[in-house]
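Me: I am new to this structure. Walk me through it in short questions and answers.
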Amino acid sequence: MIDLKPVEKEEFSSVYKRLIDAFPYEERRDECDEEKCFLKEQFNFCEIIDNGESVGLVVFWLFNKFLFIEHIAINKEIRSKGYGSKTIDLIKSKYNLPIILEAESPETEMQKKRIKFYENLGFKVNSYDYTQPSYHNAESVPLQILSFPEILNENEFCEFFKTTRNVVYECRIQNA
């Protein structure tokens, strides 16, 4: 059975290495900036556990009106075995909030597959223009916003945008 185990400070560095393996530099924080996020009450950095074994990680932010999944990654050697779907389903049932995440525009086959994966889980692609702020004082990354269970209305998108800029990406903005 899948479960989420919050990562303790002393485990952080070893789990963070898996984040490095799963996400390109421009789509993740440096280790010291990621570690600063533990000071924010909304921040959740969890290992995905199946029968006592770590099968991946998920980083999400829990707000009053929505949950924002910043990163989700299944260990390379066991991808395509349903762990991503089970993790999303667990998050849906455990938190019972609208869920928002960012994904690359579907230009490559892998990107198209990723969008389809989320759509199959009930996520909707929103049409708002969106760029993820740079984690490293470089160019912003154009991404698409996906939401569950419905497309965000303009007010919901504005709240998501404002909240993530002020909380999720705050470390980057302060250091810019």
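Me: Is Asp 89 buried, partly exposed or exposed?
Reply: This is a predicted model; local features need pLDDT of at least 70, side-chain atom pairs count only at pLDDT 80 or more, and totals for chains, interfaces and linings use all residues. Residues are numbered from 1 along each chain as its sequence is written, and side-chain values use heavy atoms, with hydrogens and water left out. Buried means under 20% relative accessible area, exposed over 50%, and partly exposed in between (1.4 Å probe, protein chains only). Asp 89 has a relative accessible area of 40%, so Asp 89 is partly exposed.

Me: Which residue does Asp 89 meet in a salt bridge?
Reply: A salt bridge puts a side-chain nitrogen of Lys or Arg within 4 Å of a carboxyl oxygen of Asp or Glu. Here the N to O distance is 3.8 Å. The partner is Lys 92.

Me: Is Lys 92 buried or exposed?
Reply: Its relative accessible area is 17%. Lys 92 is therefore buried.

Me: Which residue forms a salt bridge with Glu 104?
Reply: The closest N and O atoms are 2.5 Å apart. Glu 104 lies in strand β5 and its partner in helix α4, so the pair ties together parts 10 residues apart in sequence. Helices (H or I, at least four residues) and strands (E, at least two) are DSSP runs, numbered from the N terminus. The partner, partly exposed at 33% relative accessible area, is Arg 114.

Me: How many residues apart in sequence are the parts that Arg 29 and Glu 70 tie together?
Reply: Their side chains meet in a salt bridge (2.9 Å, N to O). Arg 29 is buried at 2% relative accessibility, and Glu 70 is buried at 7%. Arg 29 lies in the loop between α1 (12-22) and α2 (31-36), and Glu 70 in strand β4, so the distance in sequence is 41 residues.

Me: Which element gives the largest share of the lining of the largest pocket?
Reply: On a 1 Å grid over the protein atoms alone, a pocket is an open set of points where a 1.4 Å probe fits, with protein on both sides within 12 Å along at least five of seven lines; lining residues have an atom within 4 Å of a point. The lining has 29 residues, with Ile 72, Arg 79, Arg 114, Phe 117 and Tyr 118 nearest the centre. Elements giving two or more are β4 (67-74), α3 (83-95), β5 (99-104) and α4 (109-120). The largest share, six residues, comes from β4.
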